[in-house]
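Please read the points with the model open beside you.

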Amino acid sequence: MKCKLNLTSKGAHMFDAHAVALGPQGMLVINITMLSLIGWALWRAEQKLSSGSDLIILVLLGAFAVSGRILLDPIPNVQPVTVIVLLAGIHFGASRAIALAAAVALCSNMLLGHGLWSLYQAVGWSVVGIAGAALSNRLYVNGRILIPTLAGLAAVSAFAFDWIVSLSALHSLSNEVFLVYLMTGIPYDLLHAAGNVVFVAWLANPLSEVMTRHIAPPTPTAVRDPVSSRV
Amino acid sequence: MSDSLKPISLGILVLLLVSFPKISTEWARMTAELVDEEDDPHFGLPDIWDGQQVVCIHFPEAEAPEDFDQGRIHIDYDGTEFMSDVEWNETGACIGGFSDHDNGWSLLNAAINSTGDTFLLNITQYSFGLMVDSIAGVDPSQMSGNFSGAYWSLYHNGALSMIGITELELDSDSVITWRVDTW
């Protein structure tokens, strides 16, 4: 049977995508597909970059982290930012990880909601990045990331980040209620920890390889007095 | 180790996500007991309704309509049933997530309308005010047993309301409750 549609009529808008009602699961599938597309495109873009441009790779990682946080927002407390900041701390050091953490918190909160908590999130992720930088010698050994150790730290980082962000509740809660508030959030902390372990298991090696390719070589320093410095 | 971590961690995450609503609800109930919230009218209600207005209708257990005879059902302002609390010590439903209603009658109508014809109201207008005769077909005057002189009684933020629903002024987070009392 042939069906003729009059797309010039006023009712034509009924046939566009806005008329399709998607459930939460449908939206999640779309979001994960989009995140995969973004990740693939950024990975392709990274392969064309010259090595040594660690700031550019930080921007690409930031774009992926922001996209991941926004697109995975329907899943409670599961997002890739913590693991990305942790890896940035390991490979690029504390200062770059802090910059990445604060930028991701700010950019993603422009869509998810910006407020007092943004500062606590920036601090929380910065602490995670600093921990990664401080423990980099134990997490990145002989040119390889130690996945089980990193997974453990990522799980601990989830609790640390969540509890730092929860400190913002002290602006409105008493100390006694705050402890209960922290306890109430433990199922959410567990989800964050489990999500981090999944991201470490699936993404740590490829992301680590990408980051390693773009670590800036140490800047050569001139010797002021080459003759007298000889023994 | 890292290869086996992929499916194991993913499996655990999926398991956690599937059981999360149940786990978080039960956990929140346990932790809520650590704080004395007897004065909080939102005690036992979903957190997403904090700061918003709620209407609760509690039926006598033996008289509850078929769909509302197991604990308390929570229905959002758009009519979505999203949580059932079978451990709650009263039987019925709460409809919440409302805001900006200054008057009890306005809030009650919004709640009733959001659920379609589930909680049909029968009222009688007297000279002294409005009387609710039945909610969802549950008419206290028709109940047998220990319900002599029973009527639908109005509570505002946990306290028996001394004024009728049409005169009741609301707070931004008011909880109004209907339950069957006897004279």
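1. How much accessible surface does chain A have, and what share of it belongs to carbon and sulfur atoms? The accessible surface of chain A is about 13,200 Å², and carbon and sulfur atoms hold 68% of it. Areas here come from the Shrake-Rupley method with a 1.4 Å probe, and for residues only the protein chains shown count as cover.

2. A word on the basis. This is a predicted model, in which local features need pLDDT of at least 70 and side-chain atom pairs count only at pLDDT 80 or more, while totals for chains, interfaces and linings use all residues. Residues are numbered from 1 along each chain as its sequence is written, chains are lettered from A and ligands numbered from 1 in the order in which they are written, and side-chain values use heavy atoms, with hydrogens and water left out.

3. Start with the layout of chain A. It has 9 helices and 2 strands. Helices (H or I, at least four residues) and strands (E, at least two) are DSSP runs, numbered from the N terminus. The order from the N terminus is α-α-α-α-α-α-β-β-α-α-α. Of the 231 residues in chain A, 41% are buried. Buried means under 20% relative accessible area, exposed means over 50%, and partly exposed lies in between (1.4 Å probe, protein chains only). Take the contacts in chain A between residues at least 6 apart in sequence: 74% of them join residues at least 24 apart. Contact means heavy atoms within 4.5 Å.

4. Look next at helix 3 of chain A, residues 81–92. It is mostly covered, with 12 of its 12 residues buried. Among them are A:Val81, A:Leu87, A:His91 and A:Phe92. The expected span is 1.5 Å times one less than the number of residues. Just after this helix, A:Gly93 takes a positive phi of about 95 degrees.

5. Which residues touch the most other members of the largest nonpolar core? They are A:Leu87, A:Leu150 and A:Val200, in a core of 54 residues. A nonpolar core is a set of buried Ala, Val, Leu, Ile, Met, Phe, Trp, Tyr and Cys residues joined through side-chain atoms within 4.5 Å. Elements giving two or more residues to this core include helix 1, helix 7 (147–166) and helix 9 (186–213) of chain A, together with helix 1 (2–32) of chain B. Helix 9 of chain A gives the largest share, 11 residues. Apart from this core lies another, of 30 residues, including B:Ala64, B:Ala110, B:Ala150 and B:Ile176.

6. Leaving aside residues up to four places away in sequence, A:Leu150 touches A:Leu86, A:Leu87, A:Ile90, A:Leu139, A:Ile145, A:Val200 and A:Ala204.

7. Now the charges. Side chains of opposite charge can pair when their charged atoms come close. Over all chains there are 3 salt bridges. A salt bridge is a side-chain nitrogen of Lys or Arg within 4 Å of a carboxyl oxygen of Asp or Glu.

8. A:Arg213 pairs with A:Glu46 in a salt bridge, with the closest N and O atoms 3.0 Å apart. The pair links helix 9 and helix 1 of chain A, 167 residues apart. A:Arg213 is partly exposed at 39% relative accessible area, whereas A:Glu46 is buried at 2%.

9. A:Arg96 forms a salt bridge with A:Asp54, the closest N and O atoms being 2.8 Å apart. This pair joins helix 4 and helix 2 of chain A, 42 residues apart. A:Arg96 is partly exposed at 26%, and A:Asp54 is buried at 8%.

10. In chain B, B:Glu90 and B:Arg179 meet in a salt bridge (3.0 Å, N to O). B:Glu90 lies in the loop between strand 3 (81–85) and strand 4 (91–98), and B:Arg179 lies in strand 9, so the pair ties together parts 89 residues apart in sequence.
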